[in-house]
Amino acid sequence: MTDLVRMEGIEKRFPGVHALKSVDFDLRAGEVHALMGENGAGKSTLMKVLSGVYQPDGGRILIDGAEVALPGPRAAQDHGIGIIHQELALMRDLTVAQNIWIGREPRLSFGRIDEARQNAGATAILARMNLGIDPRTPVGGLTIARQQMVEIAKALSYRSRVLIMDEPTAALNDAEIAELFAIIAALRSEGVGIIYISHKMDEIRRISDRVTVMRDGARVDTVAAADTPVSRIISMMVGRELTEDRAAIPDLSGAETALELRHLWRGRELRDISFTLRRGEILGLAGLMGAGRTELARAIFGAEPCDRGEILVRGRPVAIRAPADAVRAGIGYLSEDRKQFGLAPGMDVRANVAMASLSRFASRIGTIDEAALGRVARGYIETLRIRTPGDRQQVRLLSGGNQQKVVIAKWLLRDCNVLIFDEPTRGIDVGAKAEIYRLLNELAAKGKAIIVISSELPEVLRLAHRIAVMCEGRLTGILPGGAAQEDIMALATKREGEAA
Amino acid sequence: MTGTEAQPARLAPLLRAGGTHQKLLAFASLIVLVLGFSLASPRFFQVDNILSILQATSVNGVLAVGVTLIIITGGIDLSIGTMMTFCAVITGVVLTWMGAPLLVGVATAIATGAVCGLVSGTLIAKARIPPFIATLGMMLVLKGLSLIVTGTRPIYFNDTEGYTEISTGSLAGKVLPQFPLPNGVLVLFLVAGIVAWILGRTVLGRYTFALGSNEEAVRLSGVDTAAWKIAIYALAGGICGIAGLLISSRLNSAQPALGQGYELEAIAAVVIGGTSLSGGRGTILGTLIGALIMAVLTNGLRVLSVAPEWQTVVTGIIIITAVYADQIRRRGSV
């Protein structure tokens, strides 16, 4: 049997980076082939070559055994290659059916769109996926998970035989993940080949047949998923064995209070939140999606200020009406969406590191001391091990993990005492994750007060000294670090008026 | 990095801040235009004609430099043409009607522009009115105010000694009699130099680029984005006031009906110079070259006796071509 897709000796160079080094990859019909590797390993680049976004500098691509040229995304679609992007590419104000058929609307005379046929076609595809979504619903009204399903439906409408999924579960909860996996299983049995990019080991083992690991732009190996231990896959990814160290919970009884919230309210999203955070403490903030964790972080930071309640920093009440107030009080916030809220992508590492502390490098008339700034930026590149050709590199050209480190450097330079990390390792690979964890522990040891929001319970358990759990905008309880997962879940699903 | 690299590195940010290729392209087009017109007509490359091109560049150039700041933040200012006129009118009121000394008039022009910019900036940053709408409104308000204040009649500066010298006099001519560069051109170079310095060297400049690159990320870095944005519009407004001085000095009068249309010429110069209308990218050098291209084109076509209506058509085509070339360049360097 010939392979559905075969990529041989794919080469790709960008200015200053050898992104793909003679990479081989193949996909059979009806298999799920996981593609793993640290950020910057070349997974996304390889997939962009396969989906016609990038042109390879060398090597060849065969589909059904015949060599093909993919000069653009349209050509890849015509060969049956569909890609589900990490960032959803849907038009929120159009309906599900309109999104699925965008660019290929069934026509009537005089350029009118055949809405009936369009909706019927969409219904058929959604039925094939066992999805009960009305094709006339505007996409913006669906959950992220459902939007992702619409993306998949759109890809299927192109009669795709190859589906590329880039971290499809990043924004999904367990029930939604199960729904997605059921769809993947159904597609696989129809003979669709699926390339699955993810950092989550348990998912890979649950659904994939084979795993290809990449590192530094080269393929390390392709192995069968069933009989390869997780530790082996991880060591292939990072090139070394990882040790699982659990954070010891320090005695903080004598530590000064860094942050205190008293009866914080905002609309229906935050209801009567109170807690204290000591210096040197890492407080995990757990909860299901929509529990109000990000909303709480943004309220503390003044991005969307609270309506009522008091925020005390080091025992003194502060009025936080805007992020500038929070930063002045020594609070820094690392958003879950770095590209949108954390970075100026077109500007260089140096400018981004300095974004919150520019005045410190300014003379009286407002000129910037570039030499000092460059020294400081290069210092952080070294201590945080940011992989970049230099401090003048535009941050949009860095991988996700390195972009996250640039944001961390920004707040370290500002010397914040309270740091709020919202999903600090989202989209970050295993090796870089361990580095971020180490960094958080070091910061706490230096007396910073840290709040970590994470949807991955193992991450919370590994980092947090105490775990605050939210549900529907309320703080349902605070547990000691290392608490049982069942206890956390009980609090995360505890509705108003229910006994624990 | 070692100390020996510090010297070139000092100039680099002024030149690097985006669009180097576009500037080369724009500069090459400028050379080609000048060469072409020189070959086509012996009257083109004469000292008198070159001086009149530069003189013609000065007003549009100053306006374009100011609006470059705003466009880099991702905004737009449609009111600069009528704002320039309004500044000239208020200066006329202060100098001619109230008999204030020349320097007070100069300060008035700049302050009037800065206040107008402050108003636009506040509408945009605080009231969150889109820049296009806010400045469209300001354009009409200022146009009307100019006509109201003057009673639709021009104000002449005959009583203020030395007022026309601001634009048409030539300090340079005292040093270099063969090439009496008008003062207006010196003012343009001075303004351009200062703004380039602000963009490349200062906190204000850094935030100008940062706002255009990702405003929300800047706000979440604890920067008071509204205040900086207002400051940028006020600065651009002050520069507009300088343009008002230049044009009223050249005409020896504040013409209240003048002004509308200048904003589009200035924006065209900025775009030809490689500044991105979506913000985050742009240079003053590019804008200067863009303004020169516009002036050379207008002048050259006139020297070749091309009908004015065709001059307009050609100018339009040049603007579209310049932006198209920029698009092609960007597609090539993803």
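Reader: Does A:Glu281 count as buried or exposed?

Author: The general idea is a cut-off: buried means under 20% relative accessible area, exposed over 50%, and partly exposed in between, with a 1.4 Å probe and protein chains only. A:Glu281 has a relative accessibility of 4%, so this residue counts as buried. The model is a predicted one, in which local features need pLDDT of at least 70 and side-chain atom pairs count only at pLDDT 80 or more, while totals for chains, interfaces and linings use all residues. Residues are numbered from 1 along each chain as its sequence is written, chains are lettered from A and ligands numbered from 1 in the order in which they are written, and side-chain values use heavy atoms, with hydrogens and water left out.

Reader: Which side chain meets that of A:Glu281 in a salt bridge?

Author: A salt bridge is a side-chain nitrogen of Lys or Arg within 4 Å of a carboxyl oxygen of Asp or Glu. The partner of A:Glu281 is A:Arg466, at 2.6 Å from N to O. This pair links distant parts of the chain, 185 residues apart: A:Glu281 is in the loop between β12 (270-278) and β13 (282-287) of chain A, and A:Arg466 is in strand β19 (residues 466-471) of chain A. Helices (H or I, at least four residues) and strands (E, at least two) are DSSP runs, numbered from the N terminus. A:Arg466 has a relative accessible area of 24% and is therefore partly exposed.

Reader: How many residues apart are B:Arg219 and B:Glu216?

Author: They are 3 residues apart, about one turn of the helix, and both lie in helix α10 (residues 203-219) of chain B. Over all chains, the whole structure holds 35 salt bridges.

Reader: What is the strand order of the open sheet of 6 strands in chain A?

Author: Strands of a sheet pair through backbone hydrogen bonds, either parallel or antiparallel. Two strands are taken to pair if DSSP finds at least two bridges between them. Here the order is β6-β7-β8-β3-β9-β10, with mixed pairing. At the edges stand β6 (81-84) and β10 (218-224) of chain A, each with a single partner strand, so one side of each has no neighbour in the sheet. From one strand to the next the twist averages 20 degrees. Strand β9 (residues 210-215) of chain A runs antiparallel to β10(A), and 6 bridges join them. In that pair, A:Met214 stands opposite A:Arg219.

Reader: Which strands does α1(A) lie across?

Author: Contact means heavy atoms within 4.5 Å; axes are lines fitted to C-alpha atoms, for helices over the stretch in contact, and angles run from 0 to 180 degrees between N-to-C directions. α1(A) lies across β3 (32-37), β6, β7 (162-166), β8 (193-197) and β9 of chain A, at about 135 degrees to β3(A). Helix α6 (residues 174-189) of chain A lies across β3, β7 and β8 of chain A, at about 145 degrees to β8(A).

Reader: Where is A:Lys43, and which residues does A:Lys43 touch?

Author: A:Lys43 belongs to helix α1 (residues 43-50) of chain A. At 6% relative accessibility, A:Lys43 counts as buried. Not counting residues up to four places away in sequence, its contacts include A:Leu35, A:Ile197 and A:Met214.
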